[in-house]
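Work through these exercises with the sequence and the 3D view open. Try each task before you read its solution.

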Amino acid sequence: MKKENTIDMKPRKKMPRRAPLALAQELKEYIEGKDLFELGADSGDLLAEMSRYAKSVRGITIEFPDAKNSRERGLDVVHGDYFTHSIPLAEVYYAYANFRHYPRMLSMLMSNPDFNGTVILSAQLKDEVKKIKELQHTYGGSIHTMDYNEGSAHRCNGTWYYLVISASDWRNG
């Protein structure tokens, strides 16, 4: 993990092509001082913001240009598919990816007996929110909301949802 002062913090993408940057501060209580891995890191905008709080940040993205861009800005992001690439053990996994992948993603992470951390899944659109509510029913955890405003264009403001699931709570529940 690169120290914060070596990471180029300037966002590469605008809303709605990424999660709101304020989400990093919203997630501070879950990521502070922890090793974090982002599944679907895209260009690394949120990962860079989360580096302000996490002990280390790494990620994976399916898009080669995004992985290259992330590495150029000082982030440890690899190019690959999170279902076929070896995913390193982390204390916190964060994803705002294709919500249809969330069930398989959770199954993959929770089936690792060495994982005892937290998974955070984000949602914004109606179908995404419906999916995390279904996952909460299966895996437990708690759904939180955050109001955000990064402009007046479509999907640049509103309410952001995220599901926080503890591996230990899921296994013991």
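**Exercise 1.** Which elements do the buried residues of α5 pack against?

Solution. Some ground rules come first. This is a predicted model, where local features need pLDDT of at least 70, side-chain atom pairs count only at pLDDT 80 or more, and totals for chains, interfaces and linings use all residues. Residues are numbered from 1 along each chain as its sequence is written, and side-chain values use heavy atoms, with hydrogens and water left out.

Step 1. Find the helix. Helices (H or I, at least four residues) and strands (E, at least two) are DSSP runs, numbered from the N terminus. Helix α5 covers residues 102-110.

Step 2. List its buried residues. Buried means under 20% relative accessible area, exposed over 50%, and partly exposed in between (1.4 Å probe, protein chains only). In α5, Tyr-102, Met-105, Leu-106, Leu-109 and Met-110 are buried. These residues cover an arc of only 120° around the axis, so they sit on the same side of α5. The arc is that of the directions from the helix axis to the C-beta atoms.

Step 3. Name the partners. Contact means heavy atoms within 4.5 Å. The buried residues of α5 pack against strands β1 (35-39), β4 (92-95), β5 (118-123) and β7 (157-166), and against helices α6 (126-139) and α7 (167-172).

**Exercise 2.** Describe both faces of helix α4.

Solution. Step 1. Helix α4 spans residues 64-72, and Asp-66, Ala-67, Asn-69 and Ser-70 are buried in it. Their arc is only 165° around the axis, which puts them on the same side of α4.

Step 1. Turn to the face away from the buried side. Pro-65 and Glu-72 are the exposed residues there.

Step 2. Check the packing. The buried residues of α4 pack against β2 (56-61) and β3 (76-79).

Step 3. Look just past the helix. Gly-74 takes a positive phi of about 100°.

**Exercise 3.** Where is Asp-42 placed, and is Asp-42 buried or exposed?

Solution. Step 1. Asp-42 is in the loop between β1 and α3.

Step 1. Asp-42 has a relative accessible area of 19%, so it counts as buried.

Step 2. Check the backbone. Phi of Asp-42 is near 55°, a positive value in a residue other than glycine. Most residues other than glycine have a negative phi.

**Exercise 4.** Which residues does Glu-49 touch, not counting residues up to four places away in sequence?

Solution. Step 1. Locate Glu-49 in helix α3 (residues 45-50).

Step 1. Read its accessibility. Glu-49 is buried, with a relative accessible area of 14%.

Step 2. Glu-49 touches Met-9, Leu-21 and Ala-24.

**Exercise 5.** Trace the surroundings of Ala-167.

Solution. Step 1. Ala-167 lies in helix α7. At 0% relative accessibility, Ala-167 counts as buried.

Step 1. Leave aside neighbours within four places in sequence. Ala-167 is then in contact with Met-110, Phe-115, Asn-116 and Gly-117.

Step 2. Take one distance. The C-alpha atoms of Ala-167 and Gln-136 are separated by 13 Å, and the two residues are 31 apart along the chain.

**Exercise 6.** Summarise the whole chain.

Solution. Step 1. Count elements: the protein has seven helices and seven strands. Their order is α-α-β-α-β-α-β-β-α-β-α-β-β-α.

Step 1. Of the 173 residues, 50% count as buried.

Step 2. Sort the contacts. Among those between residues at least 6 apart in sequence, 61% join residues at least 24 apart.
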